[in-house]
Amino acid sequence: MDPEKLGEIADGSDSASEIAAEIRLFQAGLKEYVAGLLGGADGVEDLVQETNLFLWEQRGEFVRGSNFRAWAKRVAWFKVMAERRDRLREGRVAFSESMLEQLASRAEERMPQSDLRLEALRRCLSRSRPQDRKILEWKYSRRASLTELADAHGCAPNAMHKMISRLRLALRHCVEKQLAEDLS
Amino acid sequence: MMKWQADGELRRLVDGMLDGSLSRTDVARLEERMEADPRAMEYYLSLAGQESLLAELCAGERDLPLPMPVKKRPRFHWAAAAALIAAAIATAVVMKRNPRSEAPSVAKTGPEARLSSEVGAAWNGQHLSPGAALGTGSVLAISSGLAELTHRSGTRLLIEGPASYEVTGPNAGRLKHGKLVAEVPPGAEGYVVEYAEGRVVDLGTEFAISAPADGGHTEVGVFRGEVRVQQENETFEQGAALYAGHAVRTGAGSATRLRSIPFDQDSFIRQIPSHEYPWFYHGGEAPMEWDVSQLVWSAGNYLAVMKWMNGPQALVLQKVELLLDGQVVGSDEHPCSVGHLTSTLGNVYQLKVGPGAWKRGRWTLRAWPFEAAEGGHSEGILMFEDGALLNSEPGDFSGPWDYVHDGNRYRRLFNPDGTCSLWINDTPSDYFKDAAWELRGGILQVNFPASDVAEEHLLRDGNSLLFINQPYRNARRGK
């Protein structure tokens, strides 16, 4: 379910639109949570979308006044577990179950600041150098592989790897600074 | 105090995790680091979360000159979402019971369901052939016979007529009336079937539901696993849990409107029956008999093909009969010999169930052997088929057909011009060099100029080529 579509529904005033609004406002939190458990951005968008759809279709099961976010988290958790099972079957790596539980509990504590982090990251991106933004866009939007990225930018994959690692850290640093300002 | 910073190893591990390039050992090492130091976990979580947010923020920045394909997995996966009905709400019951259960690979696109097979289906309304796609809103309606429907999720339904089933999603449907057995594989948990008074939500099972056409009480029984029966406006949690071996009748006069009843498992057909029955002959004139109840669904013509596969001696029959509850309904009397190609003659028997002679009951096929002169034995299979197979047209046979025999791969190609060719393990064989094929009474004959014995084939459901007088397994339509 598209967040935009949810936006339209959320303009109404019945309980369905409340659910739509709850889902929409929880996107950044869910994404961070799922990414922490899956080990990165790969598969996150699909999994969060599936979670949204499930929440939306099962909105009749949701008891008004109870904790929507707890419900949503639980749905996402089970989706992650199913995805993990699929990945292991395909021979891919995944965190152990005990590690997942620890990560989930810490990730939950981080959730309330997800929206702030999203806004901070937006500001940090807008201030980043155009050539860096370009690399980020290729990597995160077009999902270019390291080799493709390196080819397109005329450098060795190893150099590109380091470049991305540096960009990640720089953005993280910038977000932390922004957050410190926001919260002070 | 110095601010904490990730060291080289942690950076490498976290970057590798985010890029999906870590080995198992590396992942274990990353886990060790995170368990040992909360700051390491915080470092990892902040970067992983950032990755997911970057994907969203960067999507709006598509102004780059070089074209590059956008890589995206197919979108939304309803089946997996449906599996969450079970998982999210019934908490960890299903997962904990079988945490390592293997999910089947569920197709992410395609029709909500397909007709995978049928036996004797008499269609009401839309006639469907195996492979036919059923989208949301499509109705499968049969007045008799069996239809096997497979949802995109992998949930397999065996529907016994008279029945009407509407597809309402990739893992959901509505049984208007009829008998249905659902087998829900791991990964497709959450299959929902609605009936007049409520719905059944599966939690990873095989279960049966029977809804009479006259609006009487619906019955639900569980072969394996667990289901939830929700009546009318009940939520999942209010629904009644039903476990293996249990059955209930809905709408019955109790406070819960559910009455426990004995589960009559044998009254449900759980899979599409095979058309093939083995036989082993050790001499004598005692008749051989097979239960073909699940293949006889209406009046009409049926074929019994006796096929030899092994043994030194040919089996000689004098007649074959079709019986209902022990009474002969149809009979075909002629001698037949079943053995090697050259000793096989007249091995297709035609049996007729006259109008009005059909009813539900125990249908058996009986074959009467002649006493063989000498000892020895033989073995093979009986193929019991719908007589409509004889209505095949030449065009239905043309094209390549693949089969395996004694470990070798064979391909027969029937060309529209009447010629044919044979390959063995991808190498052309000259066995069919001068052979020609023709259709006689619905049976394909491959004729060889040097021999007066033809090889014969029947066509089952458009995709299986049966060998009548060669001991080979059925050929599948090749590509």
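Which residues touch the most other members of the largest nonpolar core? Select Phe95(A) and Tyr44(B): of the 51 residues in that core, these two do. (A nonpolar core is a set of buried Ala, Val, Leu, Ile, Met, Phe, Trp, Tyr and Cys residues joined through side-chain atoms within 4.5 Å; buried means under 20% relative accessible area with a 1.4 Å probe, protein chains only.)

This is a predicted model, where local features need pLDDT of at least 70, side-chain atom pairs count only at pLDDT 80 or more, and totals for chains, interfaces and linings use all residues. Residues are numbered from 1 along each chain as its sequence is written, chains are lettered from A in the order written, and side-chain values use heavy atoms, without hydrogens and water.

Stay on Tyr44(B). Beyond its neighbours within four places in sequence, Tyr44(B) is in contact (heavy atoms within 4.5 Å) with residues including Phe95(A), Leu103(A), Met17(B) and Met34(B).

For a separate spot, pick Val119(B), Leu295(B), Leu315(B) and Trp363(B): they are among the 39 residues of a second core.

Show side chains where they meet: helix 3 brings Leu30(A) and Val34(A), among others, and helix 4 brings residues including Leu47(A) and Thr51(A).

Technical notes. Buried < 20%, exposed > 50% of the residue type's maximum accessible area, 1.4 Å probe, protein only. Helix = DSSP H or I, 4+ residues; strand = E, 2+ residues; numbered from the N terminus.
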